[in-house]
Amino acid sequence: MKNSLLVLFLVQLSFGFAQEKFKISSAEKFQKEINGEYAAAKTSPLTKGDLASFKTLDFYPINEKYFVVAKFTRTAKEKPFEMKTSTDRKPVYVKYGEVEFTLDGKALKLNVYRNIELSKQKKYKDYLFLPFSDLTSGNESYIGGKYIDLKIPKDNTIAIDFNTSYNPYCAYNHIYSCPKVPLENDLNVEIKAGVKKFHD
């Protein structure tokens with residue numbers, strides 16, 4: 001069960017990483033790829049009933065406003081911790097750094113994390129995990145927040161494209177175990193970007 005969850009997690013990471021400059025084509029590619037993953041029985045997190053009628057996920061309109069180049073601060077000497085999930089599974093993460101940016105005139109900060117087990121794999125050694133929630137969560141967006149895939153930056157800035165934010169698998173099927181968004185990553189703004197909630 002543990003290995004199968006990791007495989008599914010790796011599949012979910014394949015939706016794409018943010019570019020250094022906003023490109024509408026990158027966001028369009030993300031939407032096409034995630035729709036393709038969800039439409040295929042072998043990679044879809046959807047229930048059999050939802051998969052049978054699946055056409056497309058519901059996305060916010062792609063908007064350059066939600067592409068930000070954030071200040072990145074590496075936080076040293078952080079202790080690994082067990083991140084809470086929707087089940088009793090507790091994967092080990094470490095806070096890797098903080099990102100700061102401005103949106104709608106508000107100065108915002110989020111923590112980014114590194115999955116300890118995943119970082120041991122060469123393909124994912126540079127992967128960072130950015131879970132967040134915002135004022136749309138529970139309304140237009142999934143109540144449990146969303147995720148963004150990032151890579152460790154080479155300098156003190158990092159591009160974050162909220163247009164590529166996606167729901168945890170738990171938003172589609174209760175059989176999955178998904179990391180919960182830490183309270184410190186709850187934003188007091190609306191992020192009208194990325195994938196919307198699947199069911200009312």
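Q: What makes Y93 and F129 count as buried?
A: In this predicted model, Y93 and F129 are both classed as buried, a term for residues with under 20% relative accessible area, while exposed stands for over 50% and partly exposed for the range in between, with a 1.4 Å probe and protein chains only. The model is a prediction, in which local features need pLDDT of at least 70 and side-chain atom pairs count only at pLDDT 80 or more, whereas totals for chains, interfaces and linings use all residues. Residues are numbered from 1 along each chain as its sequence is written, and side-chain values use heavy atoms, with hydrogens and water left out.

Q: How many aromatic pairs does the ring rule give?
A: Rings of Phe, Tyr and Trp (the six-membered ring of Trp) pair if their centres lie within 6.5 Å, and planes under 30 degrees apart count as stacked, over 60 as edge-to-face and the rest as tilted. By this rule the count comes to 13 aromatic pairs.

Q: Why is the pair of Y93 and F129 given its class?
A: The ring centres of Y93 and F129 are 5.4 Å apart and their planes meet at 35 degrees, so the pair is tilted. Because Y93 belongs to strand β3 (residues 92-103) and F129 to strand β5 (residues 127-132), the pair ties together parts that are 36 residues apart in sequence. Strands here are DSSP runs of E with at least two residues and helices are runs of H or I with at least four, numbered from the N terminus.

Q: What makes F101 and F162 an aromatic pair, and of which class?
A: F101 and F162 stand 5.8 Å centre to centre with 50 degrees between the planes, and this pair is tilted. F101 lies in strand β3 and F162 in the segment after β7, so the pair ties together parts that are 61 residues apart in sequence. Both F101 and F162 are buried. The C-alpha atom of F162 is also separated by 9.3 Å from that of E64, the two residues being 98 apart along the chain. E64, in the loop between α3 (48-53) and β1, is exposed because its relative accessible area is 52%.

Q: Which residues form one aromatic cluster?
A: The cluster is made of Y38, Y169, Y172, Y176 and F198.

Q: How do you know that C170 and C178 form a disulfide?
A: Their sulfur atoms are 2.2 Å apart, and a disulfide is a pair of cysteine sulfur atoms within 2.5 Å, so the pair qualifies. A search of the whole structure finds one disulfide, and C170 and C178 are both buried.

Q: What decides the handedness of the disulfide of C170 and C178?
A: The torsion about the S-S bond is about 110 degrees, so the disulfide is right-handed.

Q: What makes strand β7 mostly covered, and which strand pairs with β7?
A: Four of the five residues of β7 (residues 157-161) are buried.

Q: Why is the protein chain described as being as compact as a globular protein of its length?
A: The chain holds four helices and seven strands, in the order α-α-α-β-β-β-β-α-β-β-β along the sequence. Its radius of gyration is 16 Å, close to the 16 Å that the globule rule gives for 200 residues, so the chain is as compact as a globular protein of that length; the radius is taken over C-alpha atoms, and the rule is 2.2 Å times the number of residues to the power 0.38.
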